[in-house]
Amino acid sequence: MTSGASSVVAAVPAVSAAEREQVLAIDAQAEAVDGVDALDDQVRIDLAAAAAPARHLLARPPDGDAIVGYAHADLRAGDVVSGHVVVAPLVRRRGLGTALLRALTDAANGLPLRIWAHGNTPAARAMAKSHGFQPVRELRRMRRRLDTALPQPTYPPAVAVRTFVPGADDGPWVAVNAAAFADHPEQGRLGVDDLRQRVGQPWFDPAGFFLADRDGELLGYHWTKVHPTGAADGGPVGEVYVLGVHPDAQGLGLGKALTLTGLRHLRDLGLGEVMLYVESDNLPAIAVYERLGFTVASVDVMYTRR
């Protein structure tokens, strides 16, 4: 347990349903003020799990039970700890962020600590600087309108596109995803259990999960997602959730074709806007997205102490 100027932070391996709802409410309040979600899908999955390789850090006032701040310490990697932090807007500038960072450092137990700053807001940059953190990784959030031209996708001969079948496609998808993201610190390590956790989420829709096969061999995929809010008008927004092509299938134009298949699907659902995340150093992928009309909307930055 860690104490701050106006809070007490407790580390727990799992949260109750009531605590989870409080954390998600704080995240929604922060998003309304900051314009960006402070947490990600993995954090939400861990919040709902009875057990996970993570620590939940709950900040409460010394004289109250209400949660006013939250941090998530992801312990999966084994050699580094990845963290997220969110503080209720009405109680900011009271030392809660500092207390949660201190608790994250304790949870890391000597391992390098990396903190995600989604949107890299001025407050996040100031907090990072004051605590000696430096940027080490950058994700670009790109957006595109769906009410402009979307060409018909063109696939190589003998390549067929179909939708994902839960259970039957789990193993092949995990194998292609691991090959496509072999150098990615999070996506490439997903296993069957991780896939099934995501398939079990309320937002999952197999009709928006496209697979490209050739002679029964999975070559690539485009998994789309729909967020209930997030568009410029406050309405739903689509997402290129994950797009992967096996290294042996590179050069066939599958990345562009699969992207267009997913975008046309999202447009046909009546959505007017789509977003995606891409590593800032993934120049080939960025070039494909730019040619398809995507532009950078914001940047997420990972910070660490050197």
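Which residues do ring pairs link into a cluster?

Analyst: The model is predicted. In it, ring pairs join Phe-164, Trp-173, Trp-203, Phe-204, Phe-209, Tyr-221, Trp-223 and Tyr-241 into a cluster. The count of aromatic pairs comes to 13.

Two pairs can be described in detail. Trp-173 and Phe-209 are edge-to-face, with 6.3 Å from centre to centre and 90 degrees between the planes. Trp-173 belongs to helix α5 (residues 170–180) and Phe-209 to strand β9 (residues 209–214), so this pair ties together parts that are 36 residues apart in sequence. Trp-173 and Phe-209 are both buried.

For Trp-223 and Tyr-241, the ring centres are 5.1 Å apart and the planes stand at 80 degrees; an angle over 60 counts as edge-to-face, so this pair is edge-to-face too. Here two strands are involved: Trp-223 lies in β10 (residues 217–227) and Tyr-241 in β11 (residues 237–245), so the pair ties together parts that are 18 residues apart in sequence. Trp-223 has a relative accessible area of 1% and is buried. Tyr-241, at 16% relative accessibility, also counts as buried, because the cut-off is under 20%.

A charged group also meets a ring of the cluster. The charged end of Lys-225 sits over the ring of Trp-203, 4.5 Å from the ring centre, and Trp-203 is one of the residues that ring pairs link into the cluster.

How values were computed: Residues are numbered from 1 along each chain as its sequence is written. This is a predicted model: local features need pLDDT of at least 70, side-chain atom pairs count only at pLDDT 80 or more; totals for chains, interfaces and linings use all residues. Side-chain values use heavy atoms; hydrogens and water are left out. Rings of Phe, Tyr and Trp (its six-membered ring) pair if their centres lie within 6.5 Å; planes under 30 degrees apart count as stacked, over 60 as edge-to-face and the rest as tilted. Helices (H or I, at least four residues) and strands (E, at least two) are DSSP runs, numbered from the N terminus. Buried means under 20% relative accessible area, exposed over 50%, partly exposed in between (1.4 Å probe, protein chains only). A charge sits over a ring if NZ of Lys or CZ of Arg is within 6 Å of the ring centre and within 35 degrees of the ring normal.
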